Structure formats: structure tokens, C-alpha cells
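Please read it alongside the sequence and the structure shown here.

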Amino acid sequence: MADGNQTEVYLSEQVIVLCSCALSFAGSSLIILTYILWSDLRTTPRKLLVYLSVSDWLSAVSYAFGVWRVFRSDSAECIAQGSISTFANTSSFFWTVAIAVYLYIFIVKSSQRVADSLVLLFHLVSWGVPLAITVVAVCLNKIGYDASEVSVGWCWVSIYAPDRILWMLLTGKIWEFLAYLTLPVLYILIKRHIHNAHAALSEYRPLLANGPPSNSFSMADMKLTLIPIIFIILRIWSTVRFILLLAGSPVRQHPVLVTLHGIGNTSQGAANCIMFVLFTQPIRTRLCTALCCYSKCRAEVQRLHDTPHGVLPGQDTPTQQEEGSSQVRADR
């Protein structure tokens, strides 16, 4: 522990959180890469997921820099890192809710036109509001060293700001609370609508009703269940530390809680990759095929590299040709 308000960030915590940042960086990058590579997968929901992944990518990079440095005072680097992570983290909240709203209108209200028309509004809100909040916070000197009270080495709302609780709410916590309330409600409504539609369809397809549910339906149902649960599990530790700060409890400095906070805040990109890439069969199949082709190409290149220069595949080497000539002469 640290004296006073300073929360000590131990080396073990740094290593664990940096690994989490690396996984989130890789996961977000993979989501973006698959969207670029395969044009037939560029649906609007996946496009929104890419925008979310951009926010998570920025969060992972900025958090990793902060955890690696473990700032001890205000500095230009601290303010820059805190500004980027504040913008990216807040934007991630907005894009997460935007995806849920889009799916709700598209599936429950059965209106793709209305859902697609909201994409521009999603951009204005999910990029504009976090950017405006961050710019105002920086201009008012609210971003800076926060003694890791509600962070894990990185900078956020300055500990010297007299109204820092208000700015903690504006730069993240209030949007986090709203996401806690909004996401479960929207995904429960979506799940209920899908289950009702599936049950109605089963009345006309007795074989389907009597047999096990299809794999695609089961996977979609599981994802709709996991999305809000995983979001809450990852983010709840940050919320717990914030509440403990309001209560003035020193428990917020406990190493286990600090580590869980660091993992949760930096794992969103990795979690999204698992759900929407590794657990999505078409994309998983294409990735496996691409990896297999890459392995075969490497093996072929290695085989050609090991073959003596000037010898084509299937052609005898000079040594083999010389041995063959000697054998012919001996037979004679």
C-alpha cells in the first residue's frame, strides 16, 4: 500500500495489466483486419463493431503506456495519455450502447431503414460527445495525475482538481452507469423477441420444435446473453473502486481489486474478439483456412530453400546424377 491517497502499483500488477492490454490490442486489430480483408462480411452491425474496436484499440494503447510509465506527477505525457484514454474509454461506452440500440431497432422493431439512418447520429454522439468532454476537461486542467485512486498507473482526472468527483462522472462514470442500465434491458428485449419468433416458427415446423435448436440459433442466443454480462463483469471493478473512493474506504487500494480493475478496463477488445471473431463460425473458418494456407506456403518455401540452387523439383541433383553414371559404368 501507499501512504495517503497514493495507490501503489506493483510490478506484478503492471505485468498482468500490460498482458491484458496486449490481448485487447491484438483482438481489436483482428476485428478491424477481418473487416478489411473480407468485403462480404461488411454488414452495418460489424461496421459498428469496427468503430467500437477503434476505441478499444486506442484505450489499450493509451492504458498500456500509462501502466508502463506509472506516472507520479503531472507532465505533458501524463496529460496526453489521460486525454486519449478518457476520449477512447468514453467513446467505447457510447459505441457499445449504439450497437445494442441498432440491434434492438433492426430486430425487435423490424426496421432496417430506421436502424441504418441512425448510424450518422451514432457517429456524432459516440465521437463528438467524448471529444467535447475531453477537450473541455483538458482546457480546464482537469486531466492529470490521479495517484491511481481510480486507475492503475495511468492518468485520468487530476487529484488536485477540487471538483474531481464531478469530472470523474462526466469523463466516464456516468456513461458507465447508464450502460449498466441500458445494455441488459435492450438485450433482454432482443432475446425475448427472438425466442418468441422462434417459438412461432416452430409451430409450423414440428420437426424443428421436437428436435434440438439449431447451432446458429444457440450461438446467437448465447452471444445476446454474454454481451451485457461480460461488459458488466469487466467494468464493475472500476465502479467498485469509484464507490469506495466516495466512501473514503482504503479497500480501493487493495492489490487484488487494483489488478481486477486493470484487467477489466483493458480487456474489452479481447472479449469482443472472442465473441465476434472466434465464436463466429464464418470468420473462424476463414481464419483457419488462411492460417493453413500460410503454413503450407511456408513449408513450400522452406522446401524450395533447402533444394540446391539450379535444381528443379523432380530433377536429380549433380551428386545423384554422378552416382547414377557410376552405377551404369559398373553394370557394363
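**A glycine in the interior**

Gly82 is buried, because its relative accessible area is 0%, below the cut-off of 20%. The model is predicted, and the protein has a mean pLDDT of 84, with 80% of its residues reaching 70 or more.

**Surroundings of Gly82**

- Gly82 belongs to helix H3, which spans residues 76-108.
- Leaving aside residues up to four places away in sequence, Gly82 touches Ile143 and Cys155.
- Between Gly82 and Asp146 there are 9.7 Å in space, C-alpha to C-alpha, although the two are 64 residues apart in sequence.

**Helices H1 and H10**

- Two packed helices are described by the angle between their axes and the distance between the axes.
- For helix H1 (residues 11-37) and helix H10 (residues 268-278), the axes come within 6 Å and cross at roughly 40°, and the two helices are therefore oblique to each other.
- The crossing of H1 and H10 is left-handed.
- On the H1 side the contact involves Leu23, Ser24, Gly27, Ser28, Leu30 and Ile31, which meet Gln268, Gly269, Ala270, Asn272, Cys273 and Val277 of H10.
- The residues of this contact between H1 and H10 comprise six nonpolar, six polar and no charged.

**Confidence**

- Confidence is highest in helix H5 (residues 119-139), at a mean of 96, and lowest in helix H7 (residues 206-210), at a mean of 47.
- Over residues 207-213 the pLDDT is below 50, and this stretch has four contacts in the model beyond near neighbours in sequence.
- Where pLDDT is low, the predicted coordinates should not be read in detail.

Definitions and conventions: Residues are numbered from 1 along each chain as its sequence is written. This is a predicted model: local features need pLDDT of at least 70, side-chain atom pairs count only at pLDDT 80 or more; totals for chains, interfaces and linings use all residues. Side-chain values use heavy atoms; hydrogens and water are left out. Axes are lines fitted to C-alpha atoms, for helices over the stretch in contact, and angles run from 0 to 180 degrees between N-to-C directions. Helices (H or I, at least four residues) and strands (E, at least two) are DSSP runs, numbered from the N terminus. Angles under 35 degrees count as roughly parallel, over 145 as roughly antiparallel, 65 to 115 as roughly perpendicular and the rest as oblique. A crossing is left-handed if the near helix is turned anticlockwise from the far one by less than a right angle, and right-handed if clockwise. Contact means heavy atoms within 4.5 Å. Ala, Val, Leu, Ile, Met, Phe, Trp, Tyr, Cys and Pro count as nonpolar, Asp, Glu, Lys and Arg as charged, and the others, Gly among them, as polar. pLDDT is the predictor's confidence in each residue, from 0 to 100. Buried means under 20% relative accessible area, exposed over 50%, partly exposed in between (1.4 Å probe, protein chains only).
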